[in-house]
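The stops below are given in the order in which they may be selected.

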Amino acid sequence: MACVDCHNPMTRVSGRGLLRARNVNETCFGCHPTQRVELRKRSHMPLLEGRMDCVDCHQPHGSATDPLLDAATSFELCTRCHADKRGPFLWEHAPVTEGCTSCHLPHGSNRDSLLATSPPYLCQQCHAQIGVANHPIELMTPRNLAAGGSAAARDPRAIGRSCVTCHAAIHGSNHPSGTRFHR
């Protein structure tokens, strides 16, 4: 890439930075149309509303990370704005500290909270202990979730918020319930 791929020093198209388009986001979307589509999904980062820019998370002039993040890890980057997810917690949920993109899509999703897939399917990617006493955790599939009058249709995990109905403190907890992440 060359400087002129993003900047146009000969005309004043943008308000700042001598960009090729009218703002940072439009300049980035010129080469990243997939991200523009993701940002138009139901749950998305507030770029299109003007509350943030691509450069709030990415360094267009270079970074040590592959997606040119403005931080060393996605966890470090995301917790700049989402400080309540940072901790420290007595009971940490390991995927949180490994990186937010374990469960969330960074630009947009058709599921709540930028989730990559809906619970319980998202949770079952790691938690699939079949036969745990007092906790039904059989694998839920679209085929057995809502099967008319069957037991699966009456399963509380099929309605409401699924696993997070009970396990609400999924990012981490300081509550005495410990590793169950109930509060």
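Begin by selecting Arg80 and Asp70, which form a salt bridge with their closest N and O atoms 3.2 Å apart; a salt bridge is a side-chain nitrogen of Lys or Arg within 4 Å of a carboxyl oxygen of Asp or Glu. Arg80 lies in helix H3 (residues 74-81) and Asp70 in the loop between strand S1 (43-44) and H3, so the pair ties together parts that are 10 residues apart in sequence. Helices (H or I, at least four residues) and strands (E, at least two) are DSSP runs, numbered from the N terminus. Arg80 is partly exposed at a relative accessible area of 42%, and Asp70 is partly exposed at 26%. Here buried means under 20% relative accessible area, exposed over 50%, and partly exposed in between (1.4 Å probe, protein chains only).

This is a predicted model, in which local features need pLDDT of at least 70 and side-chain atom pairs count only at pLDDT 80 or more, whereas totals for chains, interfaces and linings use all residues. Residues are numbered from 1 along each chain as its sequence is written, and side-chain values use heavy atoms, with hydrogens and water left out.

Next, select Arg22, Glu26 and Arg36, which are linked in a network of salt bridges. Glu26 meets Arg22 at 4.0 Å, N to O, and Arg36 at 3.2 Å. Arg36 belongs to helix H2 (residues 33-38) and Glu26 to helix H1 (residues 24-29), a separation of 10 residues. Arg22 is exposed, with a relative accessible area of 59%. The count of salt bridges comes to 6.

Is His107 buried or exposed? With a relative accessible area of 19%, His107 is buried. Its side chain is joined to that of Glu38 by a polar contact of 3.2 Å; such a contact is a pair of N or O atoms within 3.5 Å, where, within protein, one must be able to donate a hydrogen and the other to accept it, and residues adjacent in sequence count only if both atoms are side-chain atoms.

Finally, select Cys6 and Cys57. A search of the whole structure finds 0 disulfides (pairs of cysteine sulfur atoms within 2.5 Å). For Cys6, the nearest cysteine sulfur is that of Cys31, 6.3 Å away; for Cys57, that of Cys81 is nearest, at 6.8 Å.
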